[in-house]
Amino acid sequence: MAMLKLSLAFDVLAFVFFLCFIMSTGSYQYFLFVQQWPPTTCAVRKKPCYQNPPSKIFTIHGLWPSNYSKNAWVANCNGTRFSNSLSPALESKLKKSWPDVESGNDTDFWGREWNKHGTCSEQTLDQELYFQRSHIIWKAFNITNILQNAKILPTGSKWDYADIASPIKTVTTKMPALRCKPDPTQPKNPNNLTMPHQLLHEVVLCLHYNGRVLIDCNHTSTCKNNLKILFQ
Ligand code: AMP
(Lines give C-alpha, C1' and ligand atoms only; values in the text may rest on other atoms or scores of the structure.)
Protein backbone atom coordinates (compact mmCIF):
# COMPACT_ATOMS: atom_id res chain seq x y z
CA MET A 1 0.00 0.00 0.00
CA ALA A 2 2.79 2.40 0.99
CA MET A 3 4.56 1.58 -2.28
CA LEU A 4 1.38 2.33 -4.23
CA LYS A 5 0.97 5.72 -2.52
CA LEU A 6 4.61 6.56 -3.18
CA SER A 7 4.29 5.63 -6.83
CA LEU A 8 1.11 7.73 -7.15
CA ALA A 9 2.81 10.72 -5.52
CA PHE A 10 5.72 10.28 -7.92
CA ASP A 11 3.38 10.22 -10.93
CA VAL A 12 1.60 13.39 -9.78
CA LEU A 13 4.91 15.13 -9.18
CA ALA A 14 6.21 14.07 -12.60
CA PHE A 15 3.02 15.39 -14.23
CA VAL A 16 3.35 18.74 -12.44
CA PHE A 17 6.99 19.03 -13.55
CA PHE A 18 5.94 18.17 -17.09
CA LEU A 19 3.27 20.89 -17.05
CA CYS A 20 5.73 23.46 -15.67
CA PHE A 21 8.24 22.48 -18.35
CA ILE A 22 5.67 22.84 -21.14
CA MET A 23 4.59 26.22 -19.82
CA SER A 24 8.09 27.57 -19.42
CA THR A 25 9.23 26.43 -22.86
CA GLY A 26 6.22 28.17 -24.36
CA SER A 27 3.99 25.49 -25.78
CA TYR A 28 1.49 27.17 -28.09
CA GLN A 29 -0.92 26.14 -30.80
CA TYR A 30 -1.48 29.17 -32.98
CA PHE A 31 -0.77 32.91 -33.18
CA LEU A 32 -2.88 36.00 -32.70
CA PHE A 33 -1.60 38.81 -34.89
CA VAL A 34 -2.95 41.96 -33.30
CA GLN A 35 -3.12 45.30 -35.10
CA GLN A 36 -4.37 48.38 -33.33
CA TRP A 37 -6.01 51.66 -34.21
CA PRO A 38 -3.73 54.30 -32.59
CA PRO A 39 -6.47 56.92 -31.98
CA THR A 40 -8.25 54.40 -29.73
CA THR A 41 -5.04 53.31 -27.98
CA CYS A 42 -4.48 56.96 -27.12
CA ALA A 43 -8.11 57.77 -26.28
CA VAL A 44 -8.35 55.07 -23.62
CA ARG A 45 -4.98 55.85 -22.08
CA LYS A 46 -4.75 58.03 -18.96
CA LYS A 47 -1.97 60.21 -20.43
CA PRO A 48 -1.96 61.64 -23.97
CA CYS A 49 0.28 59.88 -26.49
CA TYR A 50 3.52 61.57 -27.54
CA GLN A 51 2.12 62.11 -31.03
CA ASN A 52 -1.03 64.17 -30.98
CA PRO A 53 -3.13 63.49 -32.98
CA PRO A 54 -1.95 59.89 -33.43
CA SER A 55 -1.56 58.50 -36.93
CA LYS A 56 -4.63 57.00 -38.57
CA ILE A 57 -3.03 53.77 -39.77
CA PHE A 58 -3.53 50.36 -38.19
CA THR A 59 -0.18 49.37 -36.67
CA ILE A 60 1.07 46.21 -35.03
CA HIS A 61 0.50 45.63 -31.33
CA GLY A 62 1.93 42.14 -31.30
CA LEU A 63 2.25 38.58 -32.51
CA TRP A 64 1.06 36.43 -29.65
CA PRO A 65 1.53 32.66 -29.45
CA SER A 66 -1.70 31.31 -27.98
CA ASN A 67 -3.51 28.19 -26.84
CA TYR A 68 -7.02 27.00 -27.64
CA SER A 69 -7.56 25.28 -24.31
CA LYS A 70 -7.35 28.39 -22.15
CA ASN A 71 -8.32 30.58 -25.09
CA ALA A 72 -5.42 32.77 -24.08
CA TRP A 73 -1.94 33.73 -25.08
CA VAL A 74 1.02 32.23 -23.31
CA ALA A 75 3.50 34.71 -21.89
CA ASN A 76 6.92 35.32 -20.40
CA CYS A 77 8.55 32.06 -21.43
CA ASN A 78 12.16 31.01 -20.98
CA GLY A 79 14.07 32.15 -23.99
CA THR A 80 16.56 34.70 -25.17
CA ARG A 81 15.95 38.26 -23.97
CA PHE A 82 15.48 40.90 -26.65
CA SER A 83 18.95 41.53 -28.02
CA ASN A 84 18.17 44.78 -29.83
CA SER A 85 20.13 43.54 -32.82
CA LEU A 86 17.54 43.45 -35.59
CA SER A 87 18.93 44.27 -39.00
CA PRO A 88 18.84 48.02 -39.78
CA ALA A 89 16.70 47.35 -42.87
CA LEU A 90 14.09 45.55 -40.75
CA GLU A 91 14.20 48.21 -38.03
CA SER A 92 13.38 50.94 -40.48
CA LYS A 93 10.37 48.94 -41.75
CA LEU A 94 9.16 48.28 -38.21
CA LYS A 95 9.26 51.97 -37.39
CA LYS A 96 6.32 52.28 -39.77
CA SER A 97 4.47 49.01 -39.10
CA TRP A 98 5.19 48.53 -35.36
CA PRO A 99 5.75 51.94 -33.72
CA ASP A 100 5.49 52.69 -30.03
CA VAL A 101 2.35 54.74 -30.34
CA GLU A 102 2.31 55.73 -26.67
CA SER A 103 5.75 57.20 -26.08
CA GLY A 104 7.77 56.85 -29.28
CA ASN A 105 10.36 54.45 -27.81
CA ASP A 106 10.03 51.87 -30.58
CA THR A 107 12.87 49.55 -29.57
CA ASP A 108 11.62 49.45 -25.96
CA PHE A 109 8.16 48.42 -27.21
CA TRP A 110 9.61 45.71 -29.49
CA GLY A 111 11.69 44.48 -26.55
CA ARG A 112 8.67 44.26 -24.24
CA GLU A 113 6.63 42.42 -26.87
CA TRP A 114 9.46 39.98 -27.64
CA ASN A 115 10.21 39.26 -23.97
CA LYS A 116 6.54 38.74 -23.10
CA HIS A 117 5.24 36.99 -26.24
CA GLY A 118 8.03 36.21 -28.71
CA THR A 119 9.92 34.08 -26.19
CA CYS A 120 7.01 31.61 -26.26
CA SER A 121 7.40 30.83 -29.97
CA GLU A 122 11.17 31.07 -30.28
CA GLN A 123 11.29 27.42 -31.39
CA THR A 124 9.47 28.55 -34.55
CA LEU A 125 10.53 32.16 -35.05
CA ASP A 126 13.80 33.59 -33.78
CA GLN A 127 13.98 37.33 -33.07
CA GLU A 128 14.71 38.49 -36.61
CA LEU A 129 12.11 36.14 -38.10
CA TYR A 130 9.46 37.04 -35.50
CA PHE A 131 9.61 40.73 -36.40
CA GLN A 132 10.15 40.11 -40.10
CA ARG A 133 7.12 37.80 -40.33
CA SER A 134 4.98 40.31 -38.46
CA HIS A 135 5.94 43.08 -40.86
CA ILE A 136 5.20 40.85 -43.87
CA ILE A 137 1.70 40.00 -42.59
CA TRP A 138 1.02 43.66 -41.76
CA LYS A 139 1.93 44.58 -45.34
CA ALA A 140 0.09 41.68 -46.95
CA PHE A 141 -3.20 42.33 -45.16
CA ASN A 142 -3.47 46.09 -45.00
CA ILE A 143 -6.42 46.60 -42.63
CA THR A 144 -6.43 50.38 -43.19
CA ASN A 145 -6.87 49.87 -46.95
CA ILE A 146 -9.32 47.00 -46.59
CA LEU A 147 -11.65 49.13 -44.45
CA GLN A 148 -11.16 52.18 -46.66
CA ASN A 149 -12.11 50.18 -49.76
CA ALA A 150 -15.23 48.96 -47.95
CA LYS A 151 -16.12 52.59 -47.11
CA ILE A 152 -15.59 51.97 -43.41
CA LEU A 153 -13.87 55.26 -42.64
CA PRO A 154 -12.83 56.75 -39.27
CA THR A 155 -15.41 59.49 -39.45
CA GLY A 156 -17.28 58.74 -36.25
CA SER A 157 -19.94 56.43 -37.70
CA LYS A 158 -21.20 53.49 -35.66
CA TRP A 159 -21.12 50.00 -37.11
CA ASP A 160 -22.26 46.48 -36.41
CA TYR A 161 -19.53 43.93 -35.75
CA ALA A 162 -20.20 42.19 -39.06
CA ASP A 163 -19.94 45.44 -41.05
CA ILE A 164 -16.28 45.65 -40.05
CA ALA A 165 -15.38 41.95 -39.86
CA SER A 166 -16.96 40.96 -43.21
CA PRO A 167 -14.79 43.01 -45.59
CA ILE A 168 -11.68 41.82 -43.73
CA LYS A 169 -12.84 38.22 -44.10
CA THR A 170 -13.55 38.76 -47.80
CA VAL A 171 -9.96 39.83 -48.43
CA THR A 172 -8.16 37.45 -46.06
CA THR A 173 -10.64 34.54 -46.56
CA LYS A 174 -10.45 33.87 -42.81
CA MET A 175 -12.53 35.20 -39.94
CA PRO A 176 -10.81 38.02 -38.01
CA ALA A 177 -11.66 38.98 -34.44
CA LEU A 178 -12.31 42.56 -33.40
CA ARG A 179 -11.33 43.97 -30.03
CA CYS A 180 -13.17 46.94 -28.57
CA LYS A 181 -12.73 49.28 -25.61
CA PRO A 182 -15.31 51.23 -23.66
CA ASP A 183 -15.43 54.87 -24.74
CA PRO A 184 -14.06 56.89 -21.78
CA THR A 185 -15.93 60.00 -22.96
CA GLN A 186 -19.28 58.23 -22.85
CA PRO A 187 -21.49 59.00 -19.82
CA LYS A 188 -21.68 56.08 -17.36
CA ASN A 189 -25.47 56.16 -17.43
CA PRO A 190 -26.39 57.27 -20.94
CA ASN A 191 -29.89 58.67 -21.30
CA ASN A 192 -32.39 57.33 -23.78
CA LEU A 193 -31.27 59.75 -26.46
CA THR A 194 -27.67 58.53 -26.67
CA MET A 195 -27.21 54.97 -27.81
CA PRO A 196 -24.27 53.47 -25.89
CA HIS A 197 -21.37 52.32 -28.04
CA GLN A 198 -17.84 50.94 -27.84
CA LEU A 199 -14.64 51.97 -29.63
CA LEU A 200 -12.97 49.86 -32.31
CA HIS A 201 -9.49 49.20 -30.92
CA GLU A 202 -7.87 46.18 -32.52
CA VAL A 203 -8.20 43.77 -35.42
CA VAL A 204 -6.87 40.29 -34.82
CA LEU A 205 -5.86 37.86 -37.55
CA CYS A 206 -5.13 34.29 -36.48
CA LEU A 207 -2.24 32.29 -37.85
CA HIS A 208 -1.29 28.64 -37.95
CA TYR A 209 1.45 27.42 -35.56
CA ASN A 210 4.03 28.00 -38.29
CA GLY A 211 3.18 31.71 -38.44
CA ARG A 212 2.77 31.60 -42.21
CA VAL A 213 -0.83 30.68 -42.98
CA LEU A 214 -3.99 32.47 -41.84
CA ILE A 215 -6.67 30.49 -40.02
CA ASP A 216 -10.10 31.48 -38.66
CA CYS A 217 -10.11 33.27 -35.32
CA ASN A 218 -12.50 31.83 -32.75
CA HIS A 219 -13.67 33.45 -29.53
CA THR A 220 -11.02 36.13 -29.28
CA SER A 221 -13.26 39.17 -29.62
CA THR A 222 -13.55 41.56 -26.71
CA CYS A 223 -16.41 43.54 -28.27
CA LYS A 224 -19.81 43.47 -26.62
CA ASN A 225 -22.44 41.81 -28.80
CA ASN A 226 -25.20 44.27 -28.16
CA LEU A 227 -23.26 47.51 -28.70
CA LYS A 228 -22.51 49.37 -31.91
CA ILE A 229 -18.84 49.99 -32.71
CA LEU A 230 -17.61 53.55 -33.15
CA PHE A 231 -14.73 54.00 -35.59
CA GLN A 232 -13.16 57.44 -35.25
P1 AMP B 1 0.53 43.24 -24.23
O2 AMP B 1 0.89 42.49 -23.04
O3 AMP B 1 1.31 42.82 -25.41
O4 AMP B 1 -0.96 43.28 -24.42
O5 AMP B 1 0.97 44.74 -23.99
C6 AMP B 1 0.25 45.59 -23.20
C7 AMP B 1 1.08 46.80 -22.95
O8 AMP B 1 1.56 47.34 -24.17
C9 AMP B 1 0.27 47.88 -22.28
O10 AMP B 1 1.07 48.43 -21.26
C11 AMP B 1 0.05 48.88 -23.37
O12 AMP B 1 -0.02 50.17 -22.83
C13 AMP B 1 1.27 48.71 -24.23
N14 AMP B 1 1.03 49.02 -25.64
C15 AMP B 1 0.09 48.54 -26.43
N16 AMP B 1 0.19 49.04 -27.66
C17 AMP B 1 1.24 49.88 -27.64
C18 AMP B 1 1.87 50.71 -28.61
N19 AMP B 1 1.46 50.75 -29.89
N20 AMP B 1 2.92 51.44 -28.21
C21 AMP B 1 3.37 51.38 -26.95
N22 AMP B 1 2.85 50.63 -25.98
C23 AMP B 1 1.79 49.87 -26.34
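Predicted model: local features only at pLDDT ≥ 70, side-chain atom pairs only at ≥ 80, totals over all residues.
**Entry 1: rings**

I started with the aromatic side chains and found 12 aromatic pairs in the structure. I picked out Trp37 and Phe58, whose ring centres are 4.8 Å apart. Their planes sit at 40 degrees, so I wrote this pair down as tilted; planes under 30 degrees apart would have counted as stacked, and over 60 as edge-to-face. Next I looked up where the two rings come from. Trp37 is in the loop between strand E1 (30-36) and helix H2 (38-43), while Phe58 is in the loop between H2 and E2. They are 21 residues apart, and the pair links distant parts of the chain.

H4 provides the largest share, with 4 residues.

**Entry 2: who is around it**

I listed the neighbours, among them Gln36, His61, Trp64, Phe109 and Arg112. By type, the shell splits into 4 nonpolar, 3 polar and 5 charged residues.

**Entry 3: contacts**

I then went through some N and O distances. The side chain of Glu102 has an N or O atom 2.8 Å from an oxygen atom of the ligand. For His117, a side-chain N or O atom is also 2.8 Å from a ligand oxygen. With Pro99 the backbone is involved: one of its N or O atoms lies 3.5 Å from a ligand nitrogen. On its own it has 490 Å² of accessible area, and the protein covers 75% of that.

How values were computed:
Residues numbered from 1 in each chain as written. Heavy atoms only, no water. Near = heavy atom within 4 Å. Polar contact = N/O pair within 3.5 Å; in protein donor to acceptor, adjacent residues only side chain to side chain. Areas by Shrake-Rupley, 256 points an atom, 1.4 Å probe, with all protein chains shown as cover. Helix = DSSP H or I, 4+ residues; strand = E, 2+ residues; numbered from the N terminus. Nonpolar A, V, L, I, M, F, W, Y, C, P; charged D, E, K, R; others polar. Phe/Tyr/Trp six-rings, centres within 6.5 Å; stacked < 30°, edge-to-face > 60°.
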